[in-house]
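Trainee: I would like to learn how to read the surroundings of a ligand, taking one feature at a time. Could you guide me through an example?

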Amino acid sequence: MGSLARVGVLGGTFDPIHLGHLAAASEVCARLGLDQVLLTPAHSQPFKQGIDTASPEHRLAMCELAAAEDERFGVSPVDIERGGVTFTVDTLTDLRAQRPDAELFFITGADALARLDEWKDAHRLAELATFVGVTRPGHSLEESEWPHILVEAPALAISSTDVRRRTRVGLPIRYLVPRSVADYIAANGLYYGGLDD
Ligand code: ATP
Ligand code: MG
């Protein structure tokens with residue numbers, strides 16, 4: 001029997017995916033010697049109920065464009081296919097079933113890690129994956145009580161919220177998202193109007 005593959009899982013709304021996500025994934029991959037990082041776009045985020053997002057299909061497509069540029073990255077549609085509100089406990093349970101060959105590392109930014117005790121079945125999460133907290137500009141990791149490996153990611157003060165806002169007001173998003181993603185946003189007219197934040 002071979003040893004387990006080390007697989008990172010980066011969950012998010014990815015509305016849209018940006019270079020902050022990819023730099024964090026890349027850094028964790030290198031520092032922890034992971035074989036692969038899976039991007040798992042949420043169908044609908046529990047903390048973002050009532051907030052309009054681009055469709056799951058658009059967000060998934062943008063993740064696939066971004067992942068295609070790096071052989072270490074893959075995309076799992078597990079949360080979008082399950083549908084409904086996405087809970088990490090379900091993401092990790094399903095991935096464990098699909099990938100019995102893998103040891104899972106769930107990667108999360110400082111802002112998300114700080115709220116981990118509000119996540120569904122929080123006490124079970126540590127049994128399903130090792131948690132990896134990555135630093136994020138403007139957020140401190142210190143208050144998190146949850147056991148995690150800390151990885152210092154390159155400080156990229158990029159957020160999807162800001163990418164959407166910039167698109168809406170006509171500011172450039174090039175160098176903040178992969179070029180293929182910027183092209184996809186323009187070609188599909190995403191974020192030009194309507195989304196309200
Ligand atoms: P939004 O502004 O819409 O909330 P976001 O930029 O925070 O979008 P999410 O899809 O919410 O992106 O984030 C997915 C995961 O990536 C979270 O764990 C988040 O903390 C992490 N993350 C997002 N941006 C960065 C960044 N610039 N550096 C490090 N981690 C990040
Ligand atoms: Mg966020």
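Mentor: We shall go through the ligand, its contacts and one of its neighbours. This is a predicted model, in which local features need pLDDT of at least 70 and side-chain atom pairs count only at pLDDT 80 or more, while totals for chains, interfaces and linings use all residues. Residues are numbered from 1 along each chain as its sequence is written, chains are lettered from A and ligands numbered from 1 in the order in which they are written, and side-chain values use heavy atoms, with hydrogens and water left out.

Trainee: Which side-chain atoms lie at 3.0 Å or 2.9 Å from an oxygen atom of ligand 1?

Mentor: A polar contact is a pair of N or O atoms within 3.5 Å; within protein, one must be able to donate a hydrogen and the other to accept it, and residues adjacent in sequence count only if both atoms are side-chain atoms. A polar side-chain atom of K48 is 3.0 Å from a ligand oxygen, and an N or O atom in the side chain of R136 is 2.9 Å from one.

Trainee: Is S160 buried or exposed?

Mentor: Buried means under 20% relative accessible area, exposed over 50%, and partly exposed in between (1.4 Å probe, protein chains only). S160 counts as buried because its relative accessibility is 12%. A polar atom of the S160 side chain also lies 2.8 Å from the backbone oxygen of P16.
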